[in-house]
Amino acid sequence: MALFPSCAELSSNNSCTGDRAPADLEWLSNQSFNKEDALKTHQRATERVQAEAEEPAGTREQKHKEREDSHGRSKKRKKEKKKKHKKKKSRDNSESSGSESDTVYPSDLLKKDADREEAQVRVSETFMWLDDLQTPSDSPFCIDRRADRANWEYKSLYRGDIARYKRKGGSCLGLDFRMQAVNWNDGGPEKKRVDKKPERYFCLSTRQLLRSDPLSLPALPVLSEGSAVSTESYIKLSACSVEQGSSTQAPVSWVNPLGIYDRGTSLWLEGKGQPEVKGDQPDVEAQGSSSSFLLSAQVEEFNRKLRENPTDTQLWLDFIHFQDELAFGSGSFSAASDTDNEGDVKKMSLRAVLEKKLSIVDKAVESNPASVDLKLKKLHLCKELWEPATLQKEWKKLVFIHPNSAPLWRKYLLFTQSLFSTFSVSKVNSVFGKCLSTLSAVQDGSMVSHPPLPGTQEDLLDIFLQQCHFLRQAGHTEKAVCLFQALLDFTFFKPDSVKDLPTRQQVDFFEPFWDSGEPRVGERGARGWKAWMLQQERGGWVNPSEPDDDDEEEQDDSEIKDKTWPKWKIWLDVEPSREANHWLPWRPDKTKGQSEEDCEDPDRQVLFDDIGPSLIRVDRPDLQLQLILSFLQFLGLPGPSGKFSTTSSSNILLDDLTFLEEGPDPERPLTSYDLPMAGICAVGHMTFLRDCRRQAGLCKAGEEFLQNVLQQTLLLISAQDQAAVMLCWLQYEKLKVLRCLRSGNKRRLKSQGKRSKRLAKRLLKEPDNRGSLALWREYAHLEWLLGNLEEARKVFDTALGMGVTRGLNDPVLCNLCFLYAQLEVEQALNSGTVPTSKAVYILTKLAEGAAYIPFSGQINPVTILKARKAYEQALLSFSPEQSTGTNARAPKKLHRMSSLVGCFGLFQYLTVGIDAADALYNQAIQNLISWNLNSEVTDGSLRRPKVFSDWESVAVQHVALLRHHANTNVFPLSRLRLALTDALSLLPSSASLWQLYLQTENRYHSAGRARRFFHSVAKKTDSVVPYLFAITAEQRLKQMLDSIQRSHIPGEALPTLPNNGLSNRIRCLFENATATEHGAHCPLLWRMYLNFMVCDGNTERGSGIFYKALQAVPWVKGLYMDAVQLFPERVQEFLDLMTEKELRLRVPMEEVDILLED
């Protein structure tokens, strides 16, 4: 007989056919079992039960008592028998282990029946519920002969012995509900009711739920490439298991006769494994579409691609960045799903993720040993794991292996600058020299082992300029000025006999000239290296320059303004004063008999060893012009934006707060953006952040040095480059006039105006400059700013009479007419007249291209129509379809387009309306975008800074015109906001556009829209400018609310003021900005952060911010000056730190004591 009914049919079939079952299934049948003995035993038991039922009740009770007595006497005897039985059974089992089964006798079955009857009798001695009894009984009660001490101790029954029930109502029968009542509540103390708050998305339980694996969801149907997309409005579900039939079930076999096992179990019973899935077809039913499955699928995809293409560097970097999502995202891969303590998770998982990334980078470097990006990534990851000495050693090894990679040198220089533990100015300056000398050797072919990479010349000049600004920010302005002087002499005054030598040998020839005491570039009587070399070869006497005692600057004996000030305040006043007056290097005047020992401050003398390794070759004319303009901007002259090819270099140089605070002038809404601020502090203007003293220019010696540099360099460049340099010169004079206008000092304005006009007239009197429309434009604008409107109009008319016949093809003429028309519109707005006649006449004459006649008061309408047609025809030549094959002239055409669009846009605004001008600007911006995209594809040598500067000028003209119209007419601000957001999305580094955006959004009390836009732009760009303006907007809002709350306004109005917690929001913006790679080394950002924390009352936290800033920007002298102003009691500590790091300290505290005694 089979022991299992499901195998009865199988055993019968085997017995009929005579075949034995397999050996592993013999245990399913009991061959020693006899059916006849089992039937006889069952029959005897049934007869006995029937006989007991027929006996009377008295006889049955008597037998029951006898059994109880016998049961009590034989209890001990049974225990001994059980022990003996166990020993005997174990002995029998060991003896009969070889047999297939033991024999079962009928006497054993009788003993089991007797034991079962005794168990039924013992049921009455145990606690059971009436419903649990199997058969009805006459005595369904339990006799408990044992005492329960818990009843005596707790005075009540155990709660588990009492049946549960629910009470319906609170009444009781027999009581008068009006006078009597029963309290059914427990007498214990009432528990305090806690109202459970609804769980939010940031709660711990909710985050755990999000991290957990979700249930399997129906996956979307995957369409093949050739299949058509379904147009139905719902997703079809797959057929259920009943409809699918037996396709999903395992087939019936001898191991699965009933079909109750799945396919995997059936195969396991047969001793087989599941077949492998071929290709990339995952088992959707088994894995589902949970987040863990998606992450695992991405990991598998990365592994497959990297296995197929291990040389793909970008794929390795993407896989490294993917580890953050894998570790801190949701799902089973997340490290945050293992524990509840979020802080411990972050510390644990960061370390684990770093080690995991490091292992991936090591494997990537093994596959790509020549990849610089992967090695840079490894050093970036090891910054948190290795010691500074080990890290610096690995950096040196890497630049030794790849000495021709300029981006690698930039990273190494930034690492050396920002490593506070080993930082010193001399050490970083030597690293700059090592970098420039190595790249110069690669460029001129002296280093044969490594060829020069494309763009090495531009990178050399960028790194040189970065070194000069590093020295300026550290306070060593003398060394920075000497670097520029040496490179100008080394580039423009090089003797012909050494031009073919390698760079290092040229530097060796240049050293005697530098140490000879000969006047250098910018000094009076400078002749240059070439003239000195010829003089040395020919021999003879050199006529010494005569001393000029009249121009000698008188020194003020008393540098301390008020001796009652504390020492730290005196130091803060004297240090910037010496910075402004002593930024030029000191050299002994031989005509006065001076020597090197006569210098009171030895740091003002610059040795050749400090500048010699940094000299490079600048052979290309465009780079030579860039060098001159960069030196002029270093001295404070305005210049074109986008000097540096990398955004990171621009972020490091930002240290001037004026480009955030000085917005457009409301009296000049159209022409305020003619001179955009660069955000870089000029030489001699180093001071603490909130210093109100703004010098209009340089000191007297500095102005003389600047004029000498301009006069000496103008003779060395082409006529076109001369025009650009002189244009910067006049713009500098105009900038000084504007600063005097903002200061409100009329006396200084009058004197500065006289000097500026004298210089402009002197430049225009030169024969080569009489036809320069750019200089005429600047001179006329200068007269206009000084209030001489009639004189300015005469200058404009004179310039137009000379060059108006050139028409729309001359961008300089278009700029002149555009500025003239804008000034007339602003003047008409200020005077209250209609601003159409004079400006429209100027723009019409520009389009005609005929001889210019001053405005008489009438305009012919036909002339306006002809001018509009001429503008349209001129703009058609700039469309992308009409400009194929002319990429070499793209920058010039773009510059011409920006000036032409400005004239046509203003013309359309004055003649048709704002809608026509808006449509024109939108179309022009689209053409510029197409130009940029086409140039990137076809001409990789196009300089992007130039393209973006013209692009920015068109966008600023567009937004300024819309804002002017919105201020003077009824106009929806949504269009102005749309133009601003579109322009800033494409040009996120434009300070002029951000200033316009802040002024537009300040009209609203709700800052949510601006905050969302700032966040969306900041996360898409590498520039720190969006963060700076976002912080400025929040700070202005906080200042406004603080001033309102300090004023005496009714108390009912205070709750209506929005935006509580602005301090926390501003602090979060600072933290997010400094946590980014492009904001961590921005000096202006850290200085603003430090000032905000201290001014907000968090002095202790501000001290921590200062030391945190030192880890990122330890070379910035202005940061230490801010700390002296904010923490005056620790001034000596900060000065000692400056001395330790070799920053330029012009006035030690001991000298302050001496000055106080004098």
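Colleague: Why does lysine 1038 count as buried in this predicted model?

Modeller: Lysine 1038 has a relative accessibility of 16%. Buried means under 20%, so lysine 1038 counts as buried.

Colleague: Where does lysine 1038 lie, and with which residues is it in contact, leaving aside its neighbours within four places in sequence?

Modeller: Lysine 1038 lies in helix α41. With those neighbours left aside, its contacts are Leu1062, Ser1063, Ile1066, Phe1092 and Asp1096.

Colleague: How do you know whether α41 is roughly parallel or roughly antiparallel to α42?

Modeller: Helix α41, residues 1025–1046, packs against helix α42, residues 1062–1075, at an angle of about 165°, and their axes are 10 Å apart. Angles over 145 degrees count as roughly antiparallel, and therefore α41 is roughly antiparallel to α42. The crossing of the two helices is left-handed.

Colleague: What makes the contact of α41 with α42, and how do its residues divide into nonpolar, polar and charged?

Modeller: On the α41 side, the residues include Tyr1027, Ala1030, Ile1031 and Lys1038. On the α42 side, they include Leu1062, Ser1063, Ile1066 and Phe1070. The residues of this contact comprise ten nonpolar, three polar and three charged.

Colleague: Which residues touch the most other members of the largest nonpolar core?

Modeller: They are Phe464, Trp571, Tyr871 and Leu1084, in a core of 234 residues. Leaving aside neighbours within four places in sequence, leucine 1084 is in contact with residues including Leu654, Asp655, Phe659 and Leu1028.

Colleague: Which residues does the second, separate core include?

Modeller: That core has 18 residues, among them Phe319, Leu326, Val365 and Leu381.

How values were computed
Residues numbered from 1 in each chain as written. Predicted model: local features only at pLDDT ≥ 70, side-chain atom pairs only at ≥ 80, totals over all residues. Heavy atoms only, no water. Axes fitted to C-alpha atoms, helices over the stretch in contact; angles between N-to-C directions. Parallel < 35°, antiparallel > 145°, perpendicular 65-115°, else oblique. Left-handed = near helix turned anticlockwise from the far one by under 90°. Contact = heavy atoms within 4.5 Å. Nonpolar A, V, L, I, M, F, W, Y, C, P; charged D, E, K, R; others polar. Core = buried A, V, L, I, M, F, W, Y, C linked by side-chain atoms within 4.5 Å. Buried < 20%, exposed > 50% of the residue type's maximum accessible area, 1.4 Å probe, protein only.
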